[in-house]
Every structure is written in structure tokens, then in C-alpha cells.
Number of protein chains: 2
Amino acid sequence: MSQSTARKPPASTNDRPEDRPHVLTLPLEEQQADREPHSYERWLIAKLMRMAGSPPLRFQLWNNEFIDPEEGHARFTLKLTDPKALFTLVTNPNLAFGDLYSAGRLQVDGDLSELMETLYRSIHNARQKWPKWLEALWRNHNPRSTGVSEARENIHHHYDLGNEFYRLWLDHAEMQYTCAYYETPDLTLEQAQLAKLEHVCRKLRLKPGMTVVEAGCGWGGLARYMARNYGVKVHSYNISKEQLTYAREEARRQQLDHLIEYVEDDYRNISGQYDAFVSIGMLEHVGKDNYLALSELISRSLKPDGLALLHSIGRNRPMLMNAWIEKRIFPGAYPPSISEFMGICEHSDFSVLDVENLRLHYAQTLTHWMERFRSNMDKVTEMYDGHFARAWEMYLAGSIAAFRAGSLQLFQVVFTHGGNNQLPQNRQDIYSSPAAPEA
Amino acid sequence: MSQSTARKPPASTNDRPEDRPHVLTLPLEEQQADREPHSYERWLIAKLMRMAGSPPLRFQLWNNEFIDPEEGHARFTLKLTDPKALFTLVTNPNLAFGDLYSAGRLQVDGDLSELMETLYRSIHNARQKWPKWLEALWRNHNPRSTGVSEARENIHHHYDLGNEFYRLWLDHAEMQYTCAYYETPDLTLEQAQLAKLEHVCRKLRLKPGMTVVEAGCGWGGLARYMARNYGVKVHSYNISKEQLTYAREEARRQQLDHLIEYVEDDYRNISGQYDAFVSIGMLEHVGKDNYLALSELISRSLKPDGLALLHSIGRNRPMLMNAWIEKRIFPGAYPPSISEFMGICEHSDFSVLDVENLRLHYAQTLTHWMERFRSNMDKVTEMYDGHFARAWEMYLAGSIAAFRAGSLQLFQVVFTHGGNNQLPQNRQDIYSSPAAPEA
């Protein structure tokens, strides 16, 4: 078990005042929360609602006045605590919505993830009619760099928040911070996470004695599962110190350390040739600029008859990451569209064997995480502060919504060298018995 | 059963002398087959072999002299019957190899598909070192247009050769002229073709009473299978008259005509909205210029919770069709790369649910076709002529080779509207029981 303790989230790389979320908690004298709304402010809200496709919600202003353009059809109420919150929201809603919510200056009456799903669907349709200037004004920014040193900072920002923190709401089986596999809808989070690990092993057709290299291993659960259940040798790369400390101790505790080497290094420094290459939930952090290098890395790391599996959040079409998520939660994140994903395979003449989309499985995974997170809100507030707790609540709720609305996808892609004819006959073997353990 | 009889293959659209394959059967006096080879001709062959990556083959010239740059490692002998054959081969090997073979001016000692696979693999590696001028000289040409009227000619050229001809070597179950599904390696062609139809139906999660639209239906076997085994209503589009005649008669014979409407029309004229959209082996003929229109067509033809399946030959990376295949066998053909394929889905915000690559299944299908074709070579020669019979032998052998060497892939892609949340829980149901009927 890791001895690490929780800590404040590290500062972002580009530390301008507007990049610091806590600045958004305005001192009382600046809030002007005691004045009447101007008529142009009411007009702005009506305009904002129309641009968002007239979703079924109403606003409650700082003076408790309601603005309800949909006249009684509202299923949600958004309360703005001060006039500046409205201005921030209108000029950059993608970033401001999460920031204001975290700061407590935008409050939601109604289910947060349902509200977000409603907004995603409504905006998805409405934006096709946006004028160019609005498209430009509300555009998400490009993700920051994911070069070797920046990647270290990006990963530290999120994954080194403290193992104690993640233990509060991730599964207790193998600390999986990626999409689970709900083979049947009634699985527990623990069962579904173990089913995911099993599903991945089956897709890779692991056999005892094989060698596997893993790019980005989180708390090392997949490596341990593979070693324990398939008798393979695993090299797992990660640049998060917190996670590696946990991974190594857990491997020793399970007496698997002779089969697993957890390497504290960037995936770009992987060396050797393996029977399988696997990466679960790292591609989102790799960045488009590094796709071709990743492709070449996999090509030289995979034996001629080896299988590779990439598991990643993705998109139905190329699209920038939501500004707030990229800035506050996942610096540098960019989920590839399915054709960008396939471009990684094409670049090194790989042959794509199998693509599976587990989109709704991630919505369910996140729902399970959210339940546990919410029941620990007090602890999280104590460990960090209210702003942080609300930010993570928004991140989880928004992610549930994005997967449910189809704004995010979850792709598992299996591929091999173009000339490899040692292929599985078909996919029947993956489904020969349940992947999940009994409850 | 169709009353149609076999006929000569129709002339190609652009009917220049060099486009007419029969011109390649030179009159004797032009062959110069009685003269000694020049030393530059021997040099040309050595050069050609090096550029092709030094595959294990030797040449036998018109004077029976052997040229064997690999000195005794040859597994195949290519005999050239005249000096002009050599010149044609060197200047445009992609087109000339098939033409000369068909004309009997290039003869092969050794297994034809093994030779072709050896050449594909060897050239695939060697071409990375080709100088630019050679890349340009040996480049495959762009496929001809696949506009509405050209598509009619393209399809007529191949699919209207006569049902009698195809009956000689396709399966006797449902006349499937597309990749079969060898659930186990020992299936017969008939079993594997029925397994393919079943596999497709399962992937579409068909239920009685559903409506299906099919773009390009061949001899109508999938529509009959769906109607017979799943009780769905099918609209199937095709522009090959020969095939439709057979399809309709067979549906009447099986008393399925109340469930199936075979429509003689271009897929671009599909109207209505359906629970499922399916197309098996048509995308290869659609042409890149029409991908976005196809995407939009599927988008408007598919109900909000409908599933679509496209089954097509594809590539690991964008690449022009082999010149000879495009010119002599499949006018207008272009198999999409996997990312081009995904681009069709991205364009209309579809969500890709499942991709399966059945590459080696097509090699096995073609091997079964080849066995039957070869045992009917005499009949084919009688129906058409020796040139035609050898051309088809080369086409089948080259296709086996291309799938075995990884130069061609076979993708089955299932997708749905981006906002559809009525998704199958996973793919387990596809594998719940054998797809193939018992022998």
C-alpha cells in the first residue's frame, strides 16, 4: 500500500491568473450580487438559451428572479450567484460552466449528469446553425503539448493526486481508472473491472510464457491480472510515481514481482520485442502530434506474429477536447476520432483485426464511480476543499453525460503486423465463458 | 432459375486498342520468337528481379534459355514466349502480368497463387527502396468513374457474364460472390457461405417484422436468408439484370416473394427508412468520390435506433487497385483503407460499434472457388475462350495471393447513429451458437 497522502492539485504549467481555478471564487465586494439585473442581461440569457438549442432549463439570477424562456418546461434550474458569472458564462461557456460550478457561483437544481446530457444533445444539434463568429468565440482551445517533459507534468497533475483519493471511489479489486466491461448490466464495479481485464487478455490471446509490454499502467492492475491468470511476463511503463509505488508494493504482496517489471519511464523509451503490446487509457494523453511515433514504436516493439491492443476514449469525428476538461482535469488530453485512431494503425502497415466500442459501458462505470465519489464528498472536501470536490463532481457528471450523449466513445482496437498470418480463426474464443468472476 | 446464357465479356468503356485484351494475342509473324535474346534483355530481367526484391523465380526466354539471377533458389519458372512480352512486362508489370498470362505469352511453372503471394510480399518490401521514377512508371492508374451511368457499365462488365458461368464455381447454397465465414477451418464452401449470412444477420440483431434495405444484392441470397430465417421484410437494390432475374425467380420458388422486393435501381435511389441497412461487397465498387454521398444516404435511410453493416474488401493503407484488376476484371474498383472506411462513418456522425477483419477467410473462400473453377476450365474455355479462362484463373489466383500476403483485407463494420443508445450490451449474442449449419 502506498504511504502517500493527499495533496493540493499541482499548479498548471501555464500559470496565468485566469488559469488558476481558485481565482474564480470572487471576494464578496466584487460580486455585485445585491444589484438588480440589467435588461441586457436578461436578453443575454435568452440569446444563450437559443444558441444552446433551447434546452428545458431556466435561470435563477442573483436577486432570485427567474428567467424561463421555455415557459414552464424547465427540468433544471441554473442559479447564477453574481452578474460576473453570467458574463463569464456567455463569453466562454465551455470553460466557464465547470469553473463557475466548482466555485459555487453556478448552482444546479436537478440531476447534474442528466442536465449535462441534455445540454450535450441540445448543443450538438444547435451548433450546426451557429454563425461563424459564435463557433469561433465558443471554440475549445488546442490541447497543450505532450512532449516528454510536458507529459510528465500533465500526468502528475491528474494521476498524482494521491492514491488515497482514488481509493475512495475506484473499484477495490484492481484500482482500474478506465472503462469497465459490463458483460451483463447487473455486474458490480469490481466484477466489471475484472471482466474488462479478462476481456483484454482474451483479445490478446495470451498464453503462459509470453511477454507483454504495457504503455501506461495506472496502478498496475492489468499487469498483475495477466501475470496471475495467464502466467505471462509483463513490462509496464508509467510516469506517475504515486501509481508506481502502489503497483510495485501490490505486486510484491501478491508474489508476482518475478513476472512483472514496473518501469518508471515514458512510453517512448520502451525497448525490446514482445508477443503483445497493450495500452489501456493512455492514447487519450498521447496527443495527435505523437501518433505516428507511437505507431512506429509499436511496430518495432511487436514480434512478427504479436497482437497489439489499444483501449482509448475516442470520438465519432475529430473534435477538440472540452476546454474545461483539458484545462482543469486532463492537461493535454485529446481523444482521437475513429479514423485518426485507424491512421495510427495505417502508418506502420498494421492490419486492424477487431474494433469494439464500449461507449455505454463507460457511462455505467462512471455512474458507479460517481455514486462512491458522492458518498465521499465530505472526505474529499476535507482532503482538498469544496472547490476541488465540486470540480470532480462536475468532471464525473459531465463524463457520464458525454458518453450517454454520444459525444465520447470508448474504442478497443486489436491489430497486428500486416504480413502476419498467425491470426485467430474468429472471435468465438473470446466469448466461450463468462469474463466476469462470480460475485 | 435464370434462362440467360453465357456471353462474351462486354467491351470496356474506353475502347482504345491497348484496352482490348485480345489484341495481346500477337499474330505469329510479330512475335519474333525465333530470334536470340539481346544482352540488354538479359540485363533488363536481372534489373526487374532486383526491383521486385529478388523473389525466388527464374525466367525462361523464347529460345528456352534460362535466366536465373537467384542461382538455383528458384521455386517458380516464368516463361516468356516472345521478346515483346518482356518489353511490355518491364514497362507496366501491374497491367502486363495478367494480360500476358491471359494471352498465353507468360506461362508459369509452379503454383500460380503461391507465385503471386511470393511476388506480393517481395514487392511490398522492395518498393520502399524504389526510386521516384520507378514508382511513377509502375504506378497503378486511378480507377474509372463510378457515376450512375458508368456504374451501370462497370457492373454489367463483371456481374452480367452469365449466371451459368458463376454457377460453375460459386457455392450451391445461395450463390454468394463475397467472402465466406469459416467459423471452423474445415467447413465446406456451402456451410461457410451460410455461416456468413447468419453472422451478418446476428450482427444486425434482426427480429421478426423488422425492415431491411440492402445496397447491392448479388443473386439475392442474403435477402432470402433474412426473410426465411428472421421473418424480416427486405428491399434489395441491384443494377445487374442477370442477377436480379435469378434472385426474383429463386424468391418465388422459395415462396418468399411477399417479404422481398428486389429493386432494379442504383443504390443511390434508395428511399424510405429501415431498421437495418446492409451492403455486402458493394463498397469496393462505390468509388472514393461517392463515399460522402453514400454516408448521407445511409444516414437518411436508417431509423434512429437502426444498425448498419458494410462488408467490403479493404486495405491497411490507401492504395490504388492493381491496374490489371481494375482494367480487365472490376472496372472502377477501389477498396478503401480502414481510415477511409471510417471516414464514411464519421461524415454523418455515425458511431462505429464493431469492426471485424476476415482477411484469411477470403483467401480460403477463393481457394474453394479456385478448385471448382479449375475443374471447369474446359467448360469456361468452351463458353468463352482460353484467354478469358486464363484471365479468370489469374484473377482468382492473384486474389488468393493478395489476401494471404495482406495486400487486401476484408472488413465487416457495424455502426449506428451517434445519438442511438439502444445498443447491444456486447457481442456475446453473436457467438451463442454455431453460425454454420451442420454438413
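Author: Ser54(A) is found in the loop between helix 2 and strand 1 of chain A, and since the model is predicted, what follows is computed from the predicted coordinates.

Reader: Why is Ser54(A) called partly exposed?

Author: The relative accessibility of Ser54(A) is 30%, and because partly exposed covers what lies between under 20% for buried and over 50% for exposed, Ser54(A) counts as partly exposed. Ser54(A) also has a positive phi of about 50 degrees although it is not a glycine.

Reader: What is found for Ser54(B) in chain B?

Author: Ser54(B) lies in the loop between helix 2 and strand 1 of chain B, with a phi near 50 degrees, a positive value in a residue other than glycine. At 31% relative accessibility, Ser54(B) counts as partly exposed.

Reader: What makes Arg105(B) buried or exposed?

Author: The relative accessible area of Arg105(B) is 5%, and because buried means under 20%, Arg105(B) is buried. Its place is in the loop between helix 4 (93-103) and strand 4 of chain B. Arg105(B) and Asp265(B) are 160 residues apart in sequence and 41 Å apart in space, taken from C-alpha to C-alpha.

Reader: How do you know that helix 4 of chain A is largely enclosed by the rest of the structure?

Author: Of the 11 residues of helix 4 (residues 93-103) of chain A, 10 are buried, so the helix is largely enclosed by the rest of the structure. Among the buried ones are Pro93(A), Leu95(A), Phe97(A), Asp99(A) and Tyr101(A). The buried residues of helix 4 of chain A pack against strand 3 (76-80), helix 3 (83-91), strand 4 (106-109), helix 5 (112-126), helix 14 (323-329) and helix 18 (386-405) of chain A. Helix 4 of chain A is followed by Gly104(A), whose phi is positive, near 80 degrees.

Reader: Why is helix 10 of chain A also described as largely enclosed?

Author: Eight of the 10 residues of helix 10 (residues 221-230) of chain A are buried, so this helix is largely enclosed by the rest of the structure. Arg224(A), Tyr225(A) and Tyr230(A) are among the buried residues, and what covers them and the other buried residues of helix 10 of chain A includes helix 9 (189-203), strand 5 (211-215) and helix 11 (241-253) of chain A. Helix 10 of chain A is followed by Gly231(A), whose phi is positive, near 60 degrees.

Reader: What makes strand 2 and strand 4 of chain A edge strands?

Author: The open sheet in question has four strands in the order 2-1-3-4 (chain A), with mixed pairing. Strand 2 (66-67) and strand 4 of chain A each have a single partner strand, so one side of each is left without a neighbour in the sheet, and they stand at the edges.

Reader: How do you know that strand 1 and strand 2 of chain A pair?

Author: Strand 1 (residues 57-60) and strand 2 of chain A share two bridges, in the antiparallel sense, and because at least two bridges are required, the two strands count as paired. Gln60(A) stands opposite Phe66(A) in strand 2 of chain A. Helix 2 (residues 39-51) of chain A packs on the sheet, touching strand 1 and strand 2 of chain A, and its direction makes about 155 degrees with that of strand 1 of chain A.

Reader: Why are helix 15 of chain A and helix 15 of chain B called roughly antiparallel?

Author: The axes of helix 15 (residues 338-347) of chain A and helix 15 (residues 338-347) of chain B come within 8 Å and cross at roughly 180 degrees. Because angles over 145 degrees count as roughly antiparallel, the two helices are therefore roughly antiparallel to each other. Residues making the contact include Ile338(A), Met342(A) and Glu346(A) on one helix and Ile338(B), Met342(B) and Glu346(B) on the other.

Reader: Which residues have the most contacts inside the largest nonpolar core?

Author: They are Trp392(A) and Trp392(B), in a core of 178 residues. Not counting residues up to four places away in sequence, Trp392(A) touches several residues, including His158(A), Phe165(A), Trp169(A) and Phe373(A). Apart from that core lies another, of 61 residues, among them Ile338(A), Ala308(B), Phe341(B) and Phe415(B).

Definitions and conventions
Residues are numbered from 1 along each chain as its sequence is written. Chains are lettered from A and ligands numbered from 1 in the order in which they are written. This is a predicted model: local features need pLDDT of at least 70, side-chain atom pairs count only at pLDDT 80 or more; totals for chains, interfaces and linings use all residues. Side-chain values use heavy atoms; hydrogens and water are left out. Axes are lines fitted to C-alpha atoms, for helices over the stretch in contact, and angles run from 0 to 180 degrees between N-to-C directions. Angles under 35 degrees count as roughly parallel, over 145 as roughly antiparallel, 65 to 115 as roughly perpendicular and the rest as oblique. Contact means heavy atoms within 4.5 Å. A nonpolar core is a set of buried Ala, Val, Leu, Ile, Met, Phe, Trp, Tyr and Cys residues joined through side-chain atoms within 4.5 Å. Buried means under 20% relative accessible area, exposed over 50%, partly exposed in between (1.4 Å probe, protein chains only).
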